[in-house]
Amino acid sequence: MKEVFQMLNDPRFHLLYGVTQRFSTGPEPQLARLNREGFKLVEGVTRKTLVHPRMRLAVHPSPLRGDAFSPIFGRISEINERSIFVEAVEPTEEQRQAAENVEKNRVDLLTLPERGAELGMILKGLGLNTRSLGQHCKTLIINALNPDPGVTWAEPMLLTHLDTLKAGLEVLRRLSPAERILLAVPREMRLHHHDMEVVHVPSQYPASVNALVVKAVTGRENPDGVGIVGLHNVWSLGRVARTGLPLIETVLTIGSLEHSGNYIVKEGSTIGELLHFANIELKNGDTLVRGGPLRGESLDRLDRSVTKGSTGVFVVEAGTIPPMQGHSPCINCGACVLICPARLSPGLLSRNAEFALHERNRAEHIECCLECGLCGYVCIARRPVLQYIRLSKYKLAQADAAAKLEELRSASAESAAASGNASAAQQGGA
Amino acid sequence: MSAAATSVLLAMSAPPYWHCGRTIRQVSLYMLAGLMPAAVMAVCNWGLPAARVMALCVVTAVLVEALCQKVMGRELSVDDFTAVNAGLLLSFLLPAAAPWWLVMLGACIAVTLGKMAFGGLGTNPVNTPLVGWAVLFVSFPLLMDPNAMQLATDYADPLIRLRYFGVAAAEAIPFTDLLLGRQIGGLGAGQAGALFLGGSLLAAFGIIRWQIALGFFLGVAGPAALCHMLDPALNASPFFHLCTGSVLLGGFFLATEPANAPSRPLPMFIYGLLGGALTIAIRKYGVYVDGTPFAVLLVNLLTPLLDLIRPKPFGARSS
């Protein structure tokens, strides 16, 4: 009944697209741009260093963040605070040799004795982020829905790339402390496996938002002891398990109004090259989106790159949606309130944020926002509702951090004063 | 590299990058389309005077809004057609024979006092056209009484008949006449069939909230049916109440103005029910023959209270 009377009659929101083709292989990048924020460069990696595929370039101090590897034969052309740029070059004999050596040192993850965090360290050395895969929980749910509308790689991952997925699951069972691992798949898929527990969940966006998948599986909202991980991560795990080599690829959907395809692309590929490869022409006024069309970010330049977490690259053609026109006050139409899966009042939250009344948003339970982006999708005034909510959340987090710091400072000052008094009293007594 | 080298100007924006496509202007246009059947029927039934009142009202509303925005130093936004909408709705409540100055005064008050004084679209606490209507109705009761204004007609005013001549006289008016708008009333408010057609289409498209409309009509029909069952000789049938006065206009187009209605399903339904029940209460016990506009104005004021009925946010720990 709810489906009949809802305002979302966009067929793209039904997260099943009937796409089952195997992933295409993406382009060999001419220029790769790797994220190095927080990473420490490996010794010997400087500008002009010649690199080969899967050569370790940088290491992150966190045990949960995978190391950064070069995706191609190339030369490091620039290193700055945020990125490492690798320019493709014709490999020398030495580079070829080094690359072959890497190929020889395959790790067979399934024969390793390590479990849990120890296995996590090995996986980190293979370029995998294990924060969500190895999280502490009793039940781990694998969210096998397409994360955003328009992203289509989940179905082929479940159906056509099953071997990779099963290998990933095998490693996941050794890595995760969870007692149960469940695979949440769209209800319509009727998928059954003898060796994994499958749960069928609704598949109309926003059903793919993590918190809503947990709700659909467990029947409770934000229960304790339940973790959730994206299918994408399990696929990456499987990829590493099957190749035994560091991960330098990611799967993403490249889509525009007419075109959509799933590609295995090298990490750090620039978006310009990807679009060129997918034969998508950009025109003035188009919006370039990294991530999903509802939750992603728009980019201003084509030399931005994709990382392991990117779910897609989308081009939204100028004129296909009404433009945002800057100053557009909320007109209280209530469309966002009706659509909000978290039962909040996004319009009110956005108005508070607009006038910097962030503290008021606490009483409105802004922390419950799932950031699905539907409020902006239905907003007839074309307000950047999600952006306002994110701004408010950010400001509140900042305020919290400042308050905490202040508390610590005053506590330490108090204890210092107390100890000073005590010593003074001692001296006085003496 | 070729794609990256060519310089393309990309538009930056905030997520989401897809949109349902509806804008304020488009929703207003849908509303106008939903009002069109009634406007056409009004011209059919009342002739050119009806067209004159509607045009005058719309033009005044748009001009006054533009003027207000100019004075307030705002960007002109009359191209979103919301003033057209408000003007047309106000004209639907006026008699077709209303003098020109009355129409212009009403539109002027509706837009200034009912909308711009609070800051523009969506900020008004009560329905925009009804503010204009209420001022006129209280100030010029005779000129606003369709029964007194429309002398050159064969139609009857069903609500006057109900009040002064009894149920039998009122229900002597054929049902088809009521549906086709052959009744004395506001020039558009009486076009019951056309309003029902337009309104239900808009509700189906999700332009107006069906919860409010349904609640309103149940609120009218429920008490009316109860009274009718208790004493059919004293109380008209619920269908009679639904098709007369401005119940259909109120339920579909006035009570549903989203800015001053609650925004969650249950409060919307309760709001509609209260509005409908209030209409019947005014008709039965009040001094006004058609209680709808006042009922809508009154429940508009209840909206902040009804908005307090809200579910617990997702995953919020009860505190």
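Student: What makes residues of domain 1 and domain 2 of chain B count as in contact, and how many are there on each side?

Tutor: Contact means heavy atoms within 4.5 Å. By that rule, 33 residues of domain 1 of chain B touch 34 residues of domain 2 of chain B. This is a predicted model, where local features need pLDDT of at least 70, side-chain atom pairs count only at pLDDT 80 or more, and totals for interfaces use all residues. Residues are numbered from 1 along each chain, chains are lettered from A, and hydrogens and water are left out of side-chain values.

Student: What area do they bury between them?

Tutor: About 2700 Å², 75% of it on carbon and sulfur atoms. That's accessible area (1.4 Å probe) lost when the two parts are put together, summed over both. In domain 1 of chain B, B:Asn45, B:Trp46 and B:Leu130 lose the most, together 21% of what that side buries.

Student: Which classes make up the domain 1 side?

Tutor: The side of domain 1 of chain B that touches domain 2 has 26 nonpolar, seven polar and no charged residues.

Technical notes. Nonpolar A, V, L, I, M, F, W, Y, C, P; charged D, E, K, R; others polar.
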